[in-house]
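User: I would like to learn how to read a few features of this model. Please take them one at a time.

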Amino acid sequence: MFSVDIRTTECKDKDTAEVANGGEEMIRLLFQTDEPVLAVGLGRILEGSGIDLSGVCTGFEEVTEKLKDGGARPDIILVNATPELNLSQIVLLGRLAPSSKRTIWARDITPESAHQLLEVGVTGIMRKDLSPEIVCLCLQKVHAGEIWMDRSLVGSLLRARTVSL
């Protein structure tokens, strides 16, 4: 387990920083990752964006414990995709925190995996090569009720849907 101090950072997105400073309620984000550097980096880019990195969990079990206790009620649960992650875990997150939006942060993802994630209620699929500004934008859009994913995934999903019709 590790501790992360993220309060000395800033977001590059001017428009979202105004939202955070304008008295709006912060978006609460719970982040699951076993990579401390990734957690610190995310905290730095979220500062001033209107998104509060309110918790970092090092493993899936820690996330479920926080949600079961009722102490954590995040607006968004961001899961760092690992080979160990499976669909039943994502479904469980939806059961434990039905009002929380679920977003996956992956280095690479196949269209088939993206389709399966959408089917179980994931509303955001981010690639790790996104710019900091786009990471902020993605999380804000997901919080607003939109579905977010890479354009290439959208194209693949639309082609697959056309073929199945």
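Analyst: Start with contact, which means heavy atoms within 4.5 Å. The model is predicted: local features need pLDDT of at least 70, side-chain atom pairs count only at pLDDT 80 or more, and totals for chains, interfaces and linings use all residues. Residues are numbered from 1 along each chain as its sequence is written, and side-chain values use heavy atoms, with hydrogens and water left out.

User: Which residues is Glu146 in contact with, leaving aside neighbours within four places in sequence?

Analyst: Thr123 and Lys141. The C-alpha atoms of Glu146 and Thr123 are separated by 7.1 Å, at 23 residues apart along the chain. Glu146 sits in the loop between α6 (132–143) and α7 (151–164). Helices (H or I, at least four residues) and strands (E, at least two) are DSSP runs, numbered from the N terminus.

User: Is Glu146 buried, exposed or partly exposed?

Analyst: Buried means under 20% relative accessible area, exposed over 50%, partly exposed in between (1.4 Å probe, protein chains only). Glu146 has 38%, so Glu146 is partly exposed.

User: How do I read an aromatic pair?

Analyst: A pair of aromatic rings is described by the distance of the centres and the angle of the planes. Rings of Phe, Tyr and Trp (its six-membered ring) pair if their centres lie within 6.5 Å; planes under 30 degrees apart count as stacked, over 60 as edge-to-face and the rest as tilted. The structure holds 1 such pair. Phe31 and Trp105 form it, tilted, with 5.8 Å centre to centre and 45° between the planes. Phe31 belongs to strand β1 and Trp105 to strand β4 (residues 101–106), so the pair ties together parts 74 residues apart in sequence. Phe31 is buried at 0% relative accessible area. Trp105 also counts as buried, at 5%.

User: In which sense do β1 and β2 pair?

Analyst: Two strands pair if DSSP finds at least two bridges between them. β1 and β2 pair in the parallel sense over 6 bridges. The chain goes from β1 through helix α2 (residues 36–46) to β2 in a right-handed β-α-β crossover. Right-handed means that, with the strands pointing away from the viewer, the path from the first strand over the helix to the second runs clockwise. Phe31 stands opposite Val56 in β2. Of the 7 residues of β2, 5 are buried.

User: Which residues of helix α3 are buried?

Analyst: In α3 (residues 60–68), Phe60, Val63, Thr64 and Leu67. They cover an arc of only 95° around the axis (taken from the directions from the helix axis to the C-beta atoms), which puts them on the same side of α3. These buried residues pack against β1 (27–32), β2 (51–57), β3 (76–80) and α4 (87–96).
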